[in-house]
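Subject: Structure handover and notes

Dear colleague,

Please find the structure below. My notes on it follow.

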Amino acid sequence: MFLCGRVAIAVLLLLGVLASAARVVISWDVGYVLVNRDGSSGSRRAIGVNGALPIPPVFATKGDTLVLNIHNSLDVSTSIHAHGIFQNGTNFMDGPAMVTQCGIPPGHNFTYEYVADHAGTFWLHGHDHSQNSDGLRTPLVVHDSKKPYHYDGDYLLSLEDWFQFEIADRLKNSLDPTQTFPPPPNYPYSLLNGYPTAPSFQFKPGKTYRIRVINMSTTEWFQFNLPGHQMRVIEADGEYSQPSAVDGLDLGPGQRYSVLVAAHPTDSHNYHYNATQYAIFDPRLEGRNPRYYQGLIEYRKGAPIMPTTEPQNFKWVNDIKLCALSGNPPLPVDRQIELSLGLYQFTTGQTFNTINNITYAPPKVPSLYSTLTLDAPLYTNEAVYGPQTHAIVLKHLEHIELVIKNPSVLLHPMHLHGHAFQIIEYGSIANQSEPVLRYSTKCNAPMQRDTFVVPVNHYVKLRFRADNPGVWLLHCHMDVHFGMGMALTFIEAPDVLRRRPKVPETMLELCRAQGIRTE
């Protein structure tokens, strides 16, 4: 039988894509290591891979299959989340323990396998016992075989905070009713590409470079700028933007940006770039908050450093002012969901975070498995997922507008698994005279991203389409706040989800090995 015309062309194109796609196979033995990563606070136990830290970055090309073989050499369970990868059709590979899987028990193996079908800047990190905070994290870069922008070189800068104490101890102190709350600030150090000193970037005159900046921190914010150069933002959290000229980036935990930088026409001088770690919720302390780091933009070895000054009207990136390269207009609204972020002291004397007065706690059965095994129509009943799972059921393809209010005294970087939001509006909930910031009507294409910051005493309006059936967490990406309960679960299109590929038997065996029910 012969195929003709458009059908034949489509088949040939598909075969070409399949032929060019690769399997990127990574093997991790996740275990404890004793390290002094910052060179200043002394050695402590951390979580590394194959006996070492930092963990090497993972690189793939759009369309590749990522195969991540995990052996757990820890004494507790572990799991891995690909932050920003939507897992459309592979929700069971998303990673958060007791949401889409049971953690991998000590001494056991498991293989994550999924298609990297979205180009951009992402990262892999632990999503069980807040192991991200103890070192289980590394960049994931998915290259685009058809780049919408030209550049001659591609640099990566990962930014991390590094605490003297393990996350379990810090979370214990936060929840101890006999201790003052909040606990005294820890003032962590910074790691740049996994080390306490800033890497150098080599520029050649007349060339254009893409710099990917990732904040993989537990708690801290970072700022990044290149004096003497202008940056053009082209990506936020794996989503392309129209080029937007800025002087500096400001990134909350979990956020990423890509910028294009045009090199100068001569190599007469080298330049410095700046990376600054800070926390506005901790007292300023000289040398600790903020912490300043400086790296070299090297045009020619030994060239003098060009003295620079900041522009008079310094322009920080503002995500709501970016325009999506896709050109997609603002989504309509079928349903609005209001969420309020909170912090409350309970009768036990403990302080917990909340969303709509509910403190998240993991269910007894992974939420995805409940969705797949409950009889109809029970799987659409939010109550059956547990009182503290904070389940919200979404209908397939409905357009959701989230209005997230933050009346607390801390700003919160919120991350949604499985989706990117359109950023529609920022506004004050305390000062009615403050101007409301809305997406640019000049382009009418609101920027999308998967991790956004809700400022203190402000609200954010976000929109997304429920087109990815699955069970998806929405949570604060400050790990202590997540551990204190700032999370909820979207049960998206459960009727459609039940017709999708089934959970692999190897995943169910992880639960049985720990005596955890799967239905």
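Helices (H or I, at least four residues) and strands (E, at least two) are taken as DSSP runs and numbered from the N terminus. This is a predicted model, so to speak of local features a pLDDT of at least 70 is needed, side-chain atom pairs count only at pLDDT 80 or more, and totals for chains, interfaces and linings use all residues. Residues are numbered from 1 along each chain as its sequence is written, and side-chain values use heavy atoms, with hydrogens and water left out.

Confidence

The pLDDT, which is the predictor's confidence in each residue from 0 to 100, averages 94 over the chain. Of the residues, 96% score at least 70. Residues 1-19 have a pLDDT below 50, and beyond near neighbours in sequence this stretch has 2 contacts in the model. A contact means heavy atoms within 4.5 Å.

Cis peptides and positive phi

Most residues other than glycine have a negative phi, and most peptide bonds are trans. N289 and P290 are joined by a cis peptide bond with omega of about 10 degrees. P290 sits in the loop between β18 (271-278) and β19. A cis peptide bond also joins A376 and P377, with omega about 0 degrees; P377 belongs to the loop between α3 (367-373) and β22 (391-394).

Q87 is a residue other than glycine with a positive phi, near 55 degrees. Its place is the loop between β5 and β6. Burial is judged by relative accessible area: under 20% is buried, over 50% exposed, and in between partly exposed (1.4 Å probe, protein chains only). Q87 has a relative accessible area of 2% and is therefore buried. M98 is not a glycine either, and has a positive phi of about 65 degrees. M98 is in the loop between β5 and β6, and at 14% relative accessibility it counts as buried.

Disulfides

How many disulfides does a search of the whole structure find? There are 2, a disulfide being a pair of cysteine sulfur atoms within 2.5 Å.

C102 and C511 form a disulfide with their sulfur atoms 2.0 Å apart. The pair links distant parts of the chain, 409 residues apart: C102 is in the loop between β5 (80-83) and β6 (109-115), and C511 is in helix α6 (residues 505-512). The torsion about this S-S bond is about 105 degrees, so the disulfide of C102 and C511 is right-handed. Both C102 and C511 are buried.

C323 is joined to C443 by a disulfide, S to S 2.1 Å. This pair, too, links distant parts of the chain, here 120 residues apart. C323 lies in the loop between β19 (291-298) and β20 (335-345), while C443 lies in the loop between β26 (437-438) and β27 (448-449). Because the torsion about the S-S bond of C323 and C443 is about -85 degrees, the disulfide is left-handed. C323 is buried, with a relative accessible area of 11%, whereas C443 at 22% counts as partly exposed. With the bonded cysteines numbered in sequence order, the pairing is 1-4, 2-3. As for C476, its relative accessibility is 0%, so it counts as buried.

Strands

In a regular strand the side chains alternate between the two faces of the sheet. Strand β8 (residues 137-143) runs parallel to β3, joined to it by 4 bridges; two strands pair if DSSP finds at least two bridges between them. The bridge partner of T61 in β8 is H143.

S158 is in strand β9 (residues 153-162). At 4% relative accessibility, S158 counts as buried. Leaving out residues up to four places away in sequence, S158 touches P139, L191, L192, N193, G194, I214 and M216.

Largest pocket

The largest pocket holds about 740 Å³ of space. Of the 38 residues that line it, D128, H129, S130, L171 and G483 are the closest to its centre. At least two lining residues each come from β2 (44-49), β7 (120-126), α2 (167-175), β30 (470-476) and α4 (479-483). A pocket here is, on a 1 Å grid over the protein atoms alone, an open set of points where a 1.4 Å probe fits, with protein on both sides within 12 Å along at least five of seven lines; lining residues have an atom within 4 Å of a point. Grid points are joined across faces, edges and corners, and the volume is the space filled by probe spheres set on the points.

Regards
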